[in-house]
Amino acid sequence: ILATIPEARRMDAATALAWVGGVLLGIAIVAFVAANWDGTPKLARFAVLLFAFLGLAAGAAWASHKQRPTLSNSLLTVAALVFAASIGLTGQIFDIAGDPRSAAYGAGVAGFALAAAGRSTGAALVGLIFIALGDFTERQWFAGSESEAPWMLIGAPLAAYLALRWGSTALTHASALAIIYCFAWF
């Protein structure tokens with residue numbers, strides 16, 4: 001029976017360094033933009049956000065086309081984070097007041113959309129985290145029927161389905177925690 005089970009794919013040093021490098025590159029870009037944010041015109045700020053998101057999504061599509069799933073996954077994860085940051089920064093650029101819960105839910109839905117588009121477990125994790133942030137923002141924890149239902153009731157089963165379909169251990173663990181929260185809410 002053990003001979004019929006395929007070998008589990010293990011992360012090698014090059015893949016781990018690529019993930020660390022991608023995260024550090026993302027932090028460097030954010031630090032550079034943040035250092036020059038006030039001196040940049042509004043339209044240029046919005047263009048930076050738009051092109052960063054589109055560039056990451058296009059890079060993920062290219063990596064997927066070239067059969068590089070790890071690179072595609074990491075680029076879509078960073079694209080989901082850039083989209084989440086862009087919601088708040090766009091509101092700041094154009095002085096738009098908004099609901100923090102709606103912004104978190106929008107980032108969560110976008111994360112799940114990017115995950116479904118590119119089969120990215122990292123983007124699905126970002127979506128699940130932002131839906132959780134939306135549920136816990138300005139709300140009583142475990143309030144039950146006294147408040148509106150959390151969006152996690154939709155996000156947790158979706159994440160569990162994607163985890164089973166894609167065989168993702170990290171997404172399985174995160175969705176299990178989300179499902180436990182849903183049971184506690186009931």
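**Ground rules.** The model is predicted, so I kept local features to pLDDT of at least 70 and side-chain atom pairs to pLDDT 80 or more, while totals for chains, interfaces and linings use all residues. Residues are numbered from 1 along each chain as its sequence is written, and side-chain values use heavy atoms, with hydrogens and water left out.

**Helix α4.** I looked up α4, residues 100-118. Helices are DSSP runs (H or I, at least four residues), numbered from the N terminus. I checked its length against the expected span, 1.5 Å times one less than the number of residues. For 19 residues that gives 27 Å, and the end C-alpha atoms are 27 Å apart, so the two agree. Just after α4, Arg-119 has a positive phi of about 50°.

Next I listed its buried residues (under 20% relative accessible area; exposed is over 50%, partly exposed in between; 1.4 Å probe, protein chains only). Among them are Arg-101, Tyr-105, Gly-108, Phe-112 and Leu-114. Which helices do the buried residues of α4 pack against? They pack against α2 (42-65), α3 (69-93), α5 (121-136) and α6 (152-166). Contact here means heavy atoms within 4.5 Å.

**Aromatic pairs.** I searched the whole structure and got 3 pairs. Rings of Phe, Tyr and Trp (its six-membered ring) pair if their centres lie within 6.5 Å; planes under 30 degrees apart are stacked, over 60 edge-to-face, the rest tilted.

Tyr-105 and Trp-151 are stacked, because their ring centres are 4.1 Å apart and their planes at 5°. Tyr-105 sits in α4 and Trp-151 in the loop between α5 and α6, so the pair ties together parts 46 residues apart in sequence. Tyr-105 is buried at 5% relative accessibility. Trp-151 is partly exposed at 37%.

Phe-136 and Tyr-181 are edge-to-face, with centres 5.1 Å apart and planes at 70°. This pair ties helix α5 to helix α7 (residues 169-185), across 45 residues of sequence. Phe-136 is partly exposed at 29%. Tyr-181 is buried at 11%.

**Surface patch.** Val-20, Val-23, Leu-24 and Ile-27 make a nonpolar patch of about 360 Å². Patch residues have over 30% relative accessible area and no salt bridge; nonpolar side chains (Val, Leu, Ile, Met, Phe, Trp, Tyr) are joined within 5 Å, like charges within 9 Å. A salt bridge is a side-chain nitrogen of Lys or Arg within 4 Å of a carboxyl oxygen of Asp or Glu. Leu-24 lies in helix α1 (residues 13-35). Leu-24 is exposed, at 52% relative accessible area.

Conventions:
Areas by Shrake-Rupley, 256 points an atom, 1.4 Å probe, with all protein chains shown as cover. Helix = DSSP H or I, 4+ residues; strand = E, 2+ residues; numbered from the N terminus.
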